[in-house]
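Visitor: I should like to learn how to read the features of a structural model. Please take me through them one at a time.

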Amino acid sequence: MDVNGQITKVTWKIEVLSDVHSKSMDVNGQVTKVTWRIENFSTIQDKKLCSENFTVDGNKWRILIFPKGNTADHLSIYLGVANSSTLPAGWSRYAHFGLAVINQFDRELSIAGVTTQVFDVNGPDWGFTSFLPLTELHNPKRGYLVNDACLVEAYVFTDRSIGFISHELIVKTDSDKLKTKECDCVKAAMDNQRTTSTKAVEITNPSPTPPYCQIMAIEPEEPTEEDMNTFFTSLESKLWSSNTIFSREEAKEALAKVEKALNMTPVNFYDSGKLSPLKHAFKILASFDCSSTTLTIEQKKELFAMEESLKELADRAAKALQDKNFLTEKESIKLTITHKLDLNLIRYKEVESEVKQVEKRLAALHVQVEEAQKERENMLAEGKEIFKSSKEMKMELEALEMQWAEYEAMAKVAEEEESIVLAEWGRIKDFISSIKGKI
């Protein structure tokens, strides 16, 4: 907490709240408090988020969050046992715990759920599926997401006889006047598993869980192939290390299985996938103990060694067969490639002949192109001469048109002159004709 009473921005923080007091029991105790700040909350695509592990009374725990809800339109939040897949059979732990999404405008408006539960191998995760409506969570006016960061807290106490955790403890842990207003963008990174001691307030009347918080276990997820392999490998190791006593009938059955496997070829045995059952059969034979047929230590060691030898021999036989078949496979590939090369050679000769024919056609076309080019050049030359003469004639025509009015006036005067001349000519002709008889 800073000097202004605001919550310091942290990524991960663990505290031990000391001197937590309950008036009803009149005792003090310690409660482990975990603070988990989740950045960029609205952009998270993962269905489930898991916090880092934290330890309470020698047991490792973690917080689980479903940002978009676990089969519900609410934020889902749980407390879980870390590494639950490795827990021994019969393991169980009691826990009194509280989970909260802090209101960063006003801490006392935070949403908190408090409950008790016995965690075991079959139920390693418990909490609240319908913890906070997603519409409320993402409403910027509510204060549960500020600067797209969600502040989650967990309170864990494992003493079955006393209950220290309550809603009041959660909302007033720091002080009665605390207001958690985030108004800057500073993020103080905390060292993992850092532990501090904080003074907590006195518990009087624990508040009930919010009405939409229902205590539920997480539905188990479908196991992956890796999960199943890990489980059965661990189971096999455990069974091998146990001192199980087998009957004579089981020993006979195991011996029959071994003999059946040995009657197979090493390669067929490798392909049969019967190594695992055979491994169990060798264990039965090595562990079988009867007063009249007790195996010596050397014989038991030899049986265990045989199991490994069979596996090695089968692997070697399979590898030898693979290497033997390798040449045959390569010969087949060689024949295929040779055949394709023959076809390619034939086709290449066909292509070579076709290319020569095309080249001949191209040569003939080249001659035609040259002739056509010459014909084109002659036609262009003739066109140029026509253009030149036409241009000269056009200029001559334009000159005539410019003097055409003058020529028309001259023609009109000439016509008049011609009429006058013809009239005078006729007069003279008539006069000569008139005096012809007088001479």
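**Reading the model**

Guide: Let us begin with E354, which is partly exposed at a relative accessible area of 39%. Here buried means under 20% relative accessible area, exposed over 50% and partly exposed in between, with a 1.4 Å probe and protein chains only. This is a predicted model, in which local features need pLDDT of at least 70 and side-chain atom pairs count only at pLDDT 80 or more, while totals for chains, interfaces and linings use all residues. Residues are numbered from 1 along each chain as its sequence is written, and side-chain values use heavy atoms, with hydrogens and water left out.

Visitor: With which residue does E354 form a salt bridge?

Guide: A salt bridge is a side-chain nitrogen of Lys or Arg within 4 Å of a carboxyl oxygen of Asp or Glu. The partner of E354 is R347, with the closest N and O atoms 3.6 Å apart. R347 also forms a salt bridge with E350, where the closest N and O atoms are 3.2 Å apart.

Visitor: Where do E350 and R347 lie, and how many residues apart are they?

Guide: Helices (H or I, at least four residues) and strands (E, at least two) are DSSP runs numbered from the N terminus. Both E350 and R347 belong to helix α7, 3 residues apart, which is about one turn of the helix. R347 is partly exposed at 41%, and E350 is partly exposed at 40%.

Visitor: How many salt bridges does the whole structure hold?

Guide: A search of the whole structure finds 10. One of them joins the side chains of E153 and R107, at 2.7 Å from N to O. This pair links distant parts of the chain, for E153 is in strand β11 and R107 in the loop between β7 and β8, 46 residues apart.

Visitor: Are E153 and R107 buried or exposed?

Guide: E153 counts as buried because its relative accessibility is 2%, and R107 counts as buried because its value is 0%. The two also take part in a network of salt bridges that links K13, E15, K33, R107 and E153.

Visitor: What else lies in the loop between β7 and β8?

Guide: D106 has its place in that loop, between β7 (92–101) and β8 (111–120). D106 is buried, since its relative accessible area is 19%. Its C-alpha lies 9.4 Å from that of R142, although D106 and R142 are 36 residues apart in sequence. For a second pair of this kind, take A318 of helix α7: A318 and V267 are 51 residues apart in sequence, yet 5.3 Å apart from C-alpha to C-alpha. A318 is buried, as its relative accessible area is 14%.

Visitor: Which residues are in contact with N59 beyond its neighbours in sequence?

Guide: Contact means heavy atoms within 4.5 Å. Leaving aside neighbours within four places in sequence, N59 is in contact with F54, W91 and R93. N59 is found in strand β5 and is buried, as its relative accessible area is 11%.

Visitor: How should a positive phi be read?

Guide: Most residues other than glycine have a negative phi. T71 is not a glycine, yet its phi is positive, at about 60°. T71 lies in the loop between β5 (59–66) and β6 (74–81), and it counts as exposed because its relative accessibility is 77%. D148 likewise is not a glycine and has a positive phi of about 60°. D148 is in the loop between β10 (145–146) and β11 (149–157), and it is partly exposed, at 23%.

Visitor: How is the chain as a whole described?

Guide: The chain has 8 helices and 13 strands, and 31% of its 439 residues count as buried. Among contacts with a separation of 6 or more, 70% are between residues 24 or more positions apart.

Visitor: Where in the chain is confidence lowest, and where is it highest?

Guide: pLDDT is the predictor's confidence in each residue, from 0 to 100. Its mean is lowest in strand β12 (residues 195–199), at 34, and highest in β6, at 95. Over residues 1–9 the pLDDT is below 50, and this stretch has 23 contacts in the model beyond near neighbours in sequence. Over residues 175–214 pLDDT stays under 50, and the model has 112 contacts there beyond four places in sequence. Where pLDDT is low, the predicted coordinates should not be read in detail. For the chain, the mean pLDDT is 78, and 73% of the residues reach 70 or more.
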